[in-house]
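The following paragraphs go through a predicted model.

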Amino acid sequence: MGPYSDAKIIDGIINKRPEVIHFMYKDYFPLILALIEKNSGTLQDAQDIFQEGQIALFLRCRNQELVLNCALRSYFYSICRNLWLQRLEKKYRLVYQPDLLVNESEAKYISKESITTEQKLRRHRIYWKHFNELPEDCQKVFLMYFDKVPFKKVAEKLKFTDENYVKVRKYLCKKLLVKRIKEDPEFLNCVDHE
Amino acid sequence: MNNHEDIYTWVSRYNEGDLKGEELKKFLQMLASDPEIRSETELDRELTEFLQDRDLLEFLKILDQARSKKRRGLGLNCLLVAAMLIILMALSGLWIYLNPLRTGHPMMNNGLAVTSDSQKSYSQNRDPLFLRKTLGFPAIQFRENIKNPDLLAANFEPLTYLEGMVGVVTRASHFCLLSPGTIATLAPGDTLRFNWKETGGNHVSFEVLNNHGECIISQEDISGASLTLLTYSWQEGLYYWKIINRDNLVSVGKIIIRR
């Protein structure tokens with residue numbers, strides 16, 4: 001696995017190449033974990049921030065908003081740093097301690113850039129968590145529904161009685177998903193819609 | 001629209017563009033006046049957008065896989081480390097069992113004399129301790145079973161009755177120790193060569209004791225003028241050597257084995 005150049009990593013993110021994502025996890029995660037742990041966070045916080053950072057990076061790569069003026073590692077670090085900074089300020093009211101081992105000034109990422117906000121990234125992560133925990137048929141119904149697969153075909157593929165049941169199932173699944181999301185305590189902390 | 005079920009259905013239909021005519025008009029009025037419906041609509045809209053983003057869903061799935069692979073990796077690493085520790089402990093146990101200085105080798109327990117002829121087979125028995133004679137080497141005798149001090153610090157406590165004799169040379173008119181000095185500090189595994197001059201035509205005897213006064217090496221009737229001591233099986237600690245000539249103790253010194 002790896003090492004990959006920055007260009008290869010970006011290409012791997014856009015094309016969702018598992019080996020590149022695994023490489024990033026292996027190579028970048030210790031850096032983020034050190035940052036979070038140094039600033040009052042836990043391993044779980046680090047994993048969440050890392051995932052949100054990767055979502056942010058993916059969205060920026062996909063939307064061609066990525067302007068890289070430094071090493072990707074520094075850029076990613078600064079994304080995670082800013083995400084954690086926002087959460088620290090909001091939730092813990094703590095002062096951020098810069099990591100002197102990383103040349104932070106090298107990172108050109110500016111939080112005022114038009115990047116998806118920390119709260120929205122958190123919500124994406126929460127949506128995914130609950131979507132992923134839904135029964136398998138619910139997930140399939142959603143995926144096929146949003147892929148515009150006709151209800152009749154969905155019913156055939158999932159061995160449902162008919163297309164009406166697909167509609168009912170889709171309705172119940174979405175209701176279940178919304179219920180679980182709304183009951184998630186973490187969601188309550190990030191519903192302050194921007 | 002009287003209950004929450006209906007509101008949710010309308011919210012969902014509104015976000016999917018399925019609400020038309022009077023229903024839409026009515027819903028928009030409620031949306032403008034009811035903050036709860038607004039937040040419900042906002043959540044549903046964002047969730048619908050999220051579920052429609054197939055690219056993002058696929059990406060998140062891969063992220064999850066990477067995360068769980070990392071966890072599995074950590075789990076495997078822990079198992080590997082545990083397995084290695086068990087193997088290491090087993091090997092240590094075996095080594096301690098075979099090491100005469102620490103536990104008392106079966107040969108030592110029996111007080112078996114190892115002659116120079118049997119030295120080779122002794123080495124082949126993987127016992128690392130032996131005294132190599134370079135000139136005239138009649139016998140090495142291992143004595144009592146040696147205790148294994150639990151604490152390293154205890155291995156450095158001086159043996160009072162010998163400590164006062166270190167460096168003192170007595171009744172040595174025919175014997176002169178050329179090397180080493182009376183105190184030698186060695187690392188485990190180092191060798192220490194003894195050279196002496198004996199002018200009376202007498203053999204000398206050589207003993208090494210640990211700091212508990214237990215004899216760990218005994219060599220009698222050495223006709224030559226040197227011997228080499230190999231220490232690679234010795235524990236860290238303090239040892240004393242004695243040279244006896246014509247039944248007189250002629251020289252005492254000490255060896256410190258330290259990493």
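In chain B, Tyr240(B) stands opposite Lys254(B), a residue of strand 11. Strand 11 covers residues 248–257 and pairs with strand 10 in the antiparallel sense, over nine bridges. The two strands form a hairpin with two residues between them. Arg246(B) lies in that turn and has a positive phi of about 55°.

Strand 10 also pairs with strand 7 of chain B (residues 204–210), again in the antiparallel sense, here over seven bridges. In this pairing, Asn210(B) has Tyr239(B) of strand 10 as its bridge partner. Strand 10 runs over residues 237–245, and seven of its nine residues are buried, so the strand is largely enclosed by the rest of the structure.

The next topic is the contact between the chains. On chain B, 22 residues are in contact with 21 residues of chain A. Three elements of chain B each give two or more residues to this side: helix 1 (4–15), helix 3 (35–52) and helix 4 (54–98). Helix 4 of chain B supplies the largest share, 12 residues. By residue class, the side of chain B that touches chain A divides into 10 nonpolar, three polar and nine charged residues.

In chain A, Ser5(A) sits in the segment before helix 1 (6–14). Is Ser5(A) buried or exposed? Ser5(A) has 10 other C-beta atoms within 10 Å, and a residue with 12 or fewer counts as exposed, so Ser5(A) is exposed. Between Ser5(A) and Leu72(A) the C-alpha to C-alpha distance is 9.0 Å, although they are 67 residues apart in sequence.

Key. Residues are numbered from 1 along each chain as its sequence is written. Chains are lettered from A and ligands numbered from 1 in the order in which they are written. This is a predicted model: local features need pLDDT of at least 70, side-chain atom pairs count only at pLDDT 80 or more; totals for chains, interfaces and linings use all residues. Two residues are in contact if their C-beta atoms, placed from the backbone, lie within 7 Å. Helices (H or I, at least four residues) and strands (E, at least two) are DSSP runs, numbered from the N terminus. Ala, Val, Leu, Ile, Met, Phe, Trp, Tyr, Cys and Pro count as nonpolar, Asp, Glu, Lys and Arg as charged, and the others, Gly among them, as polar. A residue is buried if 20 or more other C-beta atoms lie within 10 Å of its own, exposed if 12 or fewer, and partly exposed in between; C-beta atoms are placed from the backbone. Two strands pair if DSSP finds at least two bridges between them.
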